[in-house]
Amino acid sequence: MKINGVELEFELFDADAEDIKERYFQELDKMKTIKEDTPEGTEHEKAVYMCQRVKSMFDAVFGAGTGKKVCGTGNNLLSCMRAYEQLISEQIRQQDEYKEILSKMKVK
(Lines give C-alpha, C1' and ligand atoms only; values in the text may rest on other atoms or scores of the structure.)
Protein backbone atom coordinates (compact mmCIF):
# COMPACT_ATOMS: atom_id res chain seq x y z
CA MET A 1 0.00 0.00 0.00
CA LYS A 2 1.05 3.60 -0.50
CA ILE A 3 0.57 6.40 2.00
CA ASN A 4 1.77 9.88 1.03
CA GLY A 5 3.92 8.38 -1.70
CA VAL A 6 5.62 5.90 0.65
CA GLU A 7 5.28 2.23 -0.26
CA LEU A 8 4.56 0.04 2.77
CA GLU A 9 4.41 -3.75 2.89
CA PHE A 10 1.15 -4.30 4.75
CA GLU A 11 -0.40 -7.68 4.10
CA LEU A 12 -2.29 -8.87 7.19
CA PHE A 13 -2.84 -12.35 5.81
CA ASP A 14 0.73 -13.03 4.67
CA ALA A 15 1.86 -15.95 6.82
CA ASP A 16 5.47 -14.95 6.19
CA ALA A 17 4.88 -11.48 7.67
CA GLU A 18 3.19 -12.39 10.95
CA ASP A 19 5.57 -10.09 12.82
CA ILE A 20 4.16 -7.01 11.06
CA LYS A 21 0.61 -8.12 11.83
CA GLU A 22 1.46 -8.67 15.49
CA ARG A 23 3.22 -5.32 15.84
CA TYR A 24 0.37 -3.57 14.04
CA PHE A 25 -2.31 -4.86 16.41
CA GLN A 26 -0.15 -4.14 19.48
CA GLU A 27 0.29 -0.54 18.31
CA LEU A 28 -3.39 -0.25 17.41
CA ASP A 29 -4.27 -1.19 20.99
CA LYS A 30 -1.97 1.57 22.25
CA MET A 31 -3.68 4.09 19.95
CA LYS A 32 -7.09 3.35 21.46
CA THR A 33 -6.20 5.51 24.47
CA ILE A 34 -4.63 8.42 22.61
CA LYS A 35 -7.34 10.90 23.66
CA GLU A 36 -7.08 9.96 27.32
CA ASP A 37 -3.27 9.93 27.20
CA THR A 38 -2.94 13.34 25.55
CA PRO A 39 -1.37 15.62 28.15
CA GLU A 40 -2.95 18.85 29.30
CA GLY A 41 -1.49 21.86 27.56
CA THR A 42 -1.82 24.14 24.60
CA GLU A 43 -3.34 23.02 21.31
CA HIS A 44 0.17 23.08 19.86
CA GLU A 45 1.46 20.70 22.55
CA LYS A 46 -1.49 18.36 22.04
CA ALA A 47 -0.98 18.34 18.25
CA VAL A 48 2.73 17.58 18.63
CA TYR A 49 1.95 14.74 21.04
CA MET A 50 -0.62 13.19 18.71
CA CYS A 51 1.70 13.48 15.71
CA GLN A 52 4.48 11.80 17.66
CA ARG A 53 2.17 8.94 18.64
CA VAL A 54 1.13 8.35 15.02
CA LYS A 55 4.73 8.50 13.80
CA SER A 56 5.79 6.11 16.58
CA MET A 57 3.15 3.65 15.44
CA PHE A 58 4.48 3.69 11.89
CA ASP A 59 8.03 3.27 13.22
CA ALA A 60 7.07 0.33 15.43
CA VAL A 61 5.19 -1.48 12.66
CA PHE A 62 7.31 -0.72 9.59
CA GLY A 63 10.72 0.24 10.98
CA ALA A 64 12.54 3.25 12.33
CA GLY A 65 12.12 6.40 10.28
CA THR A 66 8.90 5.33 8.59
CA GLY A 67 6.82 7.78 10.62
CA LYS A 68 8.78 10.75 9.31
CA LYS A 69 8.72 9.40 5.76
CA VAL A 70 4.94 8.94 5.84
CA CYS A 71 3.91 11.95 7.94
CA GLY A 72 6.74 14.38 7.25
CA THR A 73 9.28 15.87 9.60
CA GLY A 74 6.93 18.50 11.00
CA ASN A 75 3.83 18.13 13.11
CA ASN A 76 0.95 18.61 10.69
CA LEU A 77 -1.82 16.96 12.66
CA LEU A 78 -4.14 16.61 9.70
CA SER A 79 -1.41 14.87 7.68
CA CYS A 80 -0.67 12.49 10.53
CA MET A 81 -4.32 11.68 11.14
CA ARG A 82 -4.90 11.17 7.41
CA ALA A 83 -2.00 8.67 7.26
CA TYR A 84 -3.35 6.86 10.32
CA GLU A 85 -6.82 6.70 8.80
CA GLN A 86 -5.45 5.25 5.55
CA LEU A 87 -3.65 2.51 7.45
CA ILE A 88 -6.78 1.60 9.42
CA SER A 89 -8.90 1.66 6.26
CA GLU A 90 -6.50 -0.75 4.58
CA GLN A 91 -6.68 -3.10 7.55
CA ILE A 92 -10.49 -3.08 7.38
CA ARG A 93 -10.46 -3.55 3.61
CA GLN A 94 -8.20 -6.61 3.87
CA GLN A 95 -10.27 -8.14 6.65
CA ASP A 96 -13.50 -7.59 4.74
CA GLU A 97 -12.01 -9.12 1.60
CA TYR A 98 -10.80 -12.13 3.57
CA LYS A 99 -14.24 -12.65 5.14
CA GLU A 100 -15.94 -12.35 1.76
CA ILE A 101 -13.67 -14.91 0.11
CA LEU A 102 -13.92 -17.24 3.10
CA SER A 103 -17.72 -17.10 3.00
CA LYS A 104 -17.68 -18.16 -0.67
CA MET A 105 -15.51 -21.15 0.13
CA LYS A 106 -17.97 -22.70 2.57
CA VAL A 107 -19.87 -25.67 1.21
CA LYS A 108 -23.63 -25.55 1.70
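I began with Glu9, which sits in the loop between β2 (6-7) and α1 (18-31). I note that the model I consulted is a predicted one.

I then looked up the accessibility of Glu9. Its relative accessibility is 59%, so Glu9 counts as exposed, the cut-off for that class being over 50%.

I next examined the charged surface around this residue. Glu9 belongs to a negative surface patch, whose other members are Glu7, Glu11, Asp14, Asp16, Glu18 and Glu22.

I turned to the aromatic rings and recorded five aromatic pairs. I found both Phe10 and Tyr24 to be buried.

I followed Phe10 to a further partner, Phe62. Here the ring centres of Phe10 and Phe62 are 5.9 Å apart with planes at 65 degrees, so this pair is edge-to-face. Phe62 lies in helix α3 (residues 43-62) and Phe10 in the loop between β2 and α1, so the pair ties together parts that are 52 residues apart in sequence. Both Phe10 and Phe62 are buried.

Which residues form one aromatic cluster? I listed Phe10, Tyr24, Phe25, Phe58 and Phe62 as its members.

Conventions. Residues are numbered from 1 along each chain as its sequence is written. This is a predicted model: local features need pLDDT of at least 70, side-chain atom pairs count only at pLDDT 80 or more; totals for chains, interfaces and linings use all residues. Side-chain values use heavy atoms; hydrogens and water are left out. Patches are made of residues with over 30% relative accessible area and no salt bridge: like charges are joined within 9 Å, nonpolar side chains (Val, Leu, Ile, Met, Phe, Trp, Tyr) within 5 Å. Accessible areas come from the Shrake-Rupley method with a 1.4 Å probe; for residues, only the protein chains shown count as cover. A salt bridge is a side-chain nitrogen of Lys or Arg within 4 Å of a carboxyl oxygen of Asp or Glu. Lys and Arg count as positive and Asp and Glu as negative; His and the chain ends are not counted. The place of a charge is taken as NZ of Lys, CZ of Arg, CG of Asp or CD of Glu. Helices (H or I, at least four residues) and strands (E, at least two) are DSSP runs, numbered from the N terminus. Buried means under 20% relative accessible area, exposed over 50%, partly exposed in between (1.4 Å probe, protein chains only). Rings of Phe, Tyr and Trp (its six-membered ring) pair if their centres lie within 6.5 Å; planes under 30 degrees apart count as stacked, over 60 as edge-to-face and the rest as tilted.
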